[in-house]
Amino acid sequence: MERGVAPFDPVRRKARPVQDPTELFQFESDTSPSQLQELQASVLVVALGGFIDAGHTQRLMADHILETHESRVIASFDVDQLLDYRGRRPVMVFDRDHWSSYDDPSLLLHRVVDKEGVPFLLLVGPEPDYQWNRMVEATTTLIRTFGVDLTVSVHGIPMAVPHTRPLGVTAHGTNPRLVTGNDPAFGTVQVPASFSSLLEFRLGEAGLDAIGFAVHVPHYLGQSEFADAAVLGLERVRAATGLDLAAIGELVGGAKGVMIGNLIYNFYRGGDLPSMAAASYLIAAVLMPFLGAGKQKVADVSGGTITLAGAAGLA
């Protein structure tokens, strides 16, 4: 051993503290320290995209919660410290001769109220690229600050299953009592980590309750908006937390129509339909029951925007 060089101590290395985690986030201007006690919530739903989310399950669920419930942002994270901008470049709009807008990424903590007036928290934004340990500490600090008893996450995973059969779910948690009645689809496997899975693991080490649901999405719908998976995810959140989440069924219509449209368009691209006109009429026929006839609707379908003009076809 060289003189003056301390021997490697794995315990000491593991115990090295991270930078102050409270400097990663700030409370909103209308959320003063004196109000924190009034903003207590027993449930935190984590929806940090970026790892894997087949069928856009997590995004659809989080968007639905924010669109159908009263909410306010109570804290935000410093994304400049957490994101790799060159790895996931934000979108900008160029308008003829100038830059007109910039899609500024954000990682926000919302306080949401369910139909019965029960508050809960929703953490939404891109999965951090950097400082996972510090971000875990920051999130744990917020969990303790707001009195959270249960942290919940949902996402979709691609599976070799058909969409014509009931969807499966893999449940996992920090305590066996949280996943009673679970029928595991996997044994012991090694998978790439995600921030949400690390957070759940660390919360378990700290003796805190956390549960996650991986909804099994047909692999051929992995890139589509598969609303059935989001609905199932919401139902699992309701069952695990007791929250009365609004209008679960309303999520199915439009997104299911888009999913069918994607499939038909892909059949056309693959040569299984004779022409785009045939695909157009078929898309109009199957989407109308979901989107409603008599009104011009727009469905976002692979390859472009499709405008539905009654049952006659596409404009």
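Predicted model: local features only at pLDDT ≥ 70, side-chain atom pairs only at ≥ 80, totals over all residues.
**The largest pocket**

- The largest pocket has a volume of about 950 Å³. On a 1 Å grid over the protein atoms alone, a pocket is an open set of points with protein on both sides within 12 Å along at least five of seven lines, whereas a cavity is a set where a 1.4 Å probe fits but cannot get out. Grid points are joined across faces, edges and corners, and a volume is the space filled by probe spheres set on the points.
- Its lining has 34 residues, and H155, H172, V191, S197 and A214 are the ones nearest the centre of the largest pocket. To count as lining, a residue has an atom within 4 Å of a point.
- At least two lining residues of the largest pocket come from each of strand 8 (150-159), strand 9 (169-173) and helix 5 (195-205). Helices (H or I, at least four residues) and strands (E, at least two) are DSSP runs, numbered from the N terminus.
- Sorted by class, this pocket lining holds 19 nonpolar, 13 polar and 2 charged residues. Here Ala, Val, Leu, Ile, Met, Phe, Trp, Tyr, Cys and Pro count as nonpolar, Asp, Glu, Lys and Arg as charged, and the others, Gly among them, as polar.

**The cavities**

- Searching the whole structure turns up 2 cavities of 30 Å³ or more.
- The largest cavity has a volume of about 50 Å³, and the residues that line it include V46, T151, E200 and I211.
- Helix 5 provides the largest share of the lining of the largest cavity, 4 residues. By class, that lining has 6 nonpolar, 3 polar and 1 charged residues.
- The second largest cavity has a volume of about 40 Å³. Among the residues lining it are L44, F77, T139 and F146.
- Strand 7 (119-126) and helix 4 (132-145) each give at least two residues to the lining of the second largest cavity, and helix 4 gives the most, with 3 residues.
- The lining of the second largest cavity has 8 nonpolar, 1 polar and no charged residues.

**On the surface**

- M92, F94, W99 and Y102 make up a nonpolar patch on the surface, with about 470 Å² of accessible area together. Strand 4 (92-95) and strand 5 (98-102) are the elements giving two or more residues to this patch.
- Patches are made of residues with over 30% relative accessible area and no salt bridge, with nonpolar side chains (Val, Leu, Ile, Met, Phe, Trp, Tyr) joined within 5 Å and like charges within 9 Å. Accessible areas come from the Shrake-Rupley method with a 1.4 Å probe, and for residues only the protein chains shown count as cover.
- W99 lies in strand 5 and counts as exposed because its relative accessibility is 56%. Exposed means over 50% relative accessible area, buried under 20%, and partly exposed in between (1.4 Å probe, protein chains only).

**Positive phi angles**

- H56 is not a glycine, yet it has a positive phi of about 50 degrees. H56 sits in the loop between strand 2 (43-49) and helix 2 (57-68).
- R96, also a residue other than glycine, has a positive phi near 60 degrees, and its place is in the loop between strand 4 and strand 5. R96 is exposed, with a relative accessible area of 78%.

**Salt bridges**

- The structure holds 8 salt bridges. A salt bridge is a side-chain nitrogen of Lys or Arg within 4 Å of a carboxyl oxygen of Asp or Glu.
- E23 and R134 meet through their side chains in a salt bridge (3.9 Å, N to O). E23 lies in the loop between helix 1 (10-14) and strand 1 (25-27) and R134 in helix 4, so this pair ties together parts 111 residues apart in sequence.
- E23 is exposed at 55% relative accessible area, whereas R134 counts as buried at 3% relative accessibility.
- R59 forms a salt bridge with E225, with the closest N and O atoms 2.6 Å apart. R59 is in helix 2 and E225 in the loop between strand 10 (209-218) and helix 6 (227-241), and the two are 166 residues apart.

Note on methods: Residues numbered from 1 in each chain as written. Heavy atoms only, no water.
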